[in-house]
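Here's a quick tour of a protein chain, written for someone just starting out. Have a look at the sequence and the 3D view, then read on.

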Amino acid sequence: MSRAGIDWRAWWQLLRAANVFTAMSNVIAGFLLVQRDWQPLGPLLLLILSSVCLYEAGMVLNDVFDAELDAVERPERPIPSGRISKENAYWVGLVLLGGGNIAALFASVTIGQYLPIMFAIALSWKIWSYNAWEKSTSWGPLAMSTCRGLNVLLGASIATSLVGGVIMAGFLVGGVCFHTYGLTLISRSEAGSLKHIELTTGIGVVIAGLAWIAALPFTIGDLGIPVVAWFGVCILLLIIELLLARQLLTNPSQSCIRQTVGTLILMFIPLDAAASALAAGWSAGFCVLLLLLPVRLLSRWTGQT
């Protein structure tokens, strides 16, 4: 414990704080695909705040519901190691869930429509159900990918209609869902026995997600960057994913799996940055890409998984 009685490093680890910037990039990309601009800034900031709170609630509740399993497989984590009590973590998770919904409610009031709070409630329910009973089932990867998809839609909820928002952000939502499904499959071999079929399938699904995102120009009108540049960026991201696949499949050790999962989590930001550039120009994509910096810096201190 620290002098103040609170082990801040333990809380930082419990929150997986470095990864929260990937949730922010999801929301920003969804918002820019609808608005093609950073305006209105107030609702955008509220949607980002909502996403941050809900993401962190998911991280905390994950460790609350996994406390017994982590005591066996990952005893160094904050709850099984006794640095944070399970009860305290449970209440912090609930407060974060509430905070995320309050921020979304303010966003709804500000723009005068119900979509932000609707997606926040749906995302909250999915976070709870995933952690409480879906995670260890065959539905677990689908449930996790649904959470990420809803997070992108939270950003797109600035749209004036549900159909309009889904159409404009649809290919990014689908691609993010595929990407999440694949990395969740891969992460199932982080602890315990290796599952070769899930590793191979996971890599294939991640690549399918990129192919899905590559179709984004078909659903949005005026492009922020030339279409040739867009497909160039997609090819660059594909090369990175193929290199990761080669490394993972030739050396499927648990340390390599953890590294691959960390990199795939990090890749949400380049994917969202590419979509943001397509919607609002290179400068928007570059601003989103800058979110890589805090992830890299903070992950050295607390890790990502």
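Is Lys135 buried or exposed? Lys135 is buried, because its relative accessible area is 16%, and buried means under 20% relative accessible area, exposed over 50% and partly exposed in between (1.4 Å probe, protein chains only). Keep in mind that this is a predicted model, where local features need pLDDT of at least 70, side-chain atom pairs count only at pLDDT 80 or more, and totals for chains, interfaces and linings use all residues. Residues are numbered from 1 along each chain as its sequence is written, and side-chain values use heavy atoms, with hydrogens and water left out.

**Salt bridges**

- The structure holds six salt bridges, a salt bridge being a side-chain nitrogen of Lys or Arg within 4 Å of a carboxyl oxygen of Asp or Glu.
- Lys135 pairs up with Asp66 in one of them, and their closest N and O atoms are 3.0 Å apart.
- That pair links distant parts of the chain, 69 residues apart: Asp66 is in the loop between H3 and helix H4 (67-73), and Lys135 is in the loop between H6 and H7. Helices here are DSSP runs (H or I, at least four residues), numbered from the N terminus.
- Asp66 counts as buried because its relative accessibility is 15%.
- Arg16 and Asp63 make another salt bridge, with the closest N and O atoms 2.9 Å apart.
- Here too the pair links distant parts of the chain, with Arg16 in the loop between H1 and H2 and Asp63 in helix H3, 47 residues apart.
- Arg16 counts as buried because its relative accessibility is 6%, and Asp63 is buried because its relative accessible area is 2%.
- Arg77 and Asp70 meet through their side chains in a salt bridge (3.4 Å, N to O), and both Arg77 and Asp70 are buried.
- A network of salt bridges links Arg16, Asp63, Asp70 and Arg77.

**Helix H5**

- Helix H5 covers residues 86-111, and its end C-alpha atoms sit 38 Å apart; this agrees with the 38 Å that its 26 residues should span at 1.5 Å a residue. The expected span is 1.5 Å times one less than the number of residues.
- Among the buried residues of H5 are Ala89, Gly93, Gly100, Asn101 and Ser108.
- The buried residues of H5 pack against helix H1 (8-15), H3 and helix H6 (115-134).

**Two loop residues**

- Ser157 lies in the loop between helix H7 (140-156) and helix H8 (162-187), and it counts as buried because its relative accessibility is 0%.
- The side chain of Ser157 reaches the backbone oxygen of Leu154 at 2.5 Å.
- Leaving out residues up to four places away in sequence, Ser157 touches Leu47, Ile111, Gln113, Leu115, Pro116 and Phe119. Contact means heavy atoms within 4.5 Å.
- Pro40 sits in the loop between helix H2 (20-35) and helix H3 (41-65), and it counts as partly exposed because its relative accessibility is 30%.
- Pro40 touches Phe31, Gln35 and Ile158, again leaving out residues up to four places away in sequence.

**Cysteines**

- The structure holds zero disulfides, a disulfide being a pair of cysteine sulfur atoms within 2.5 Å.
- For Cys53, the nearest cysteine sulfur belongs to Cys147 and is 16 Å away.
- Cys53 is buried because its relative accessible area is 15%, and Cys256 is buried because its relative accessible area is 4%.

Methods:
A polar contact is a pair of N or O atoms within 3.5 Å; within protein, one must be able to donate a hydrogen and the other to accept it, and residues adjacent in sequence count only if both atoms are side-chain atoms.
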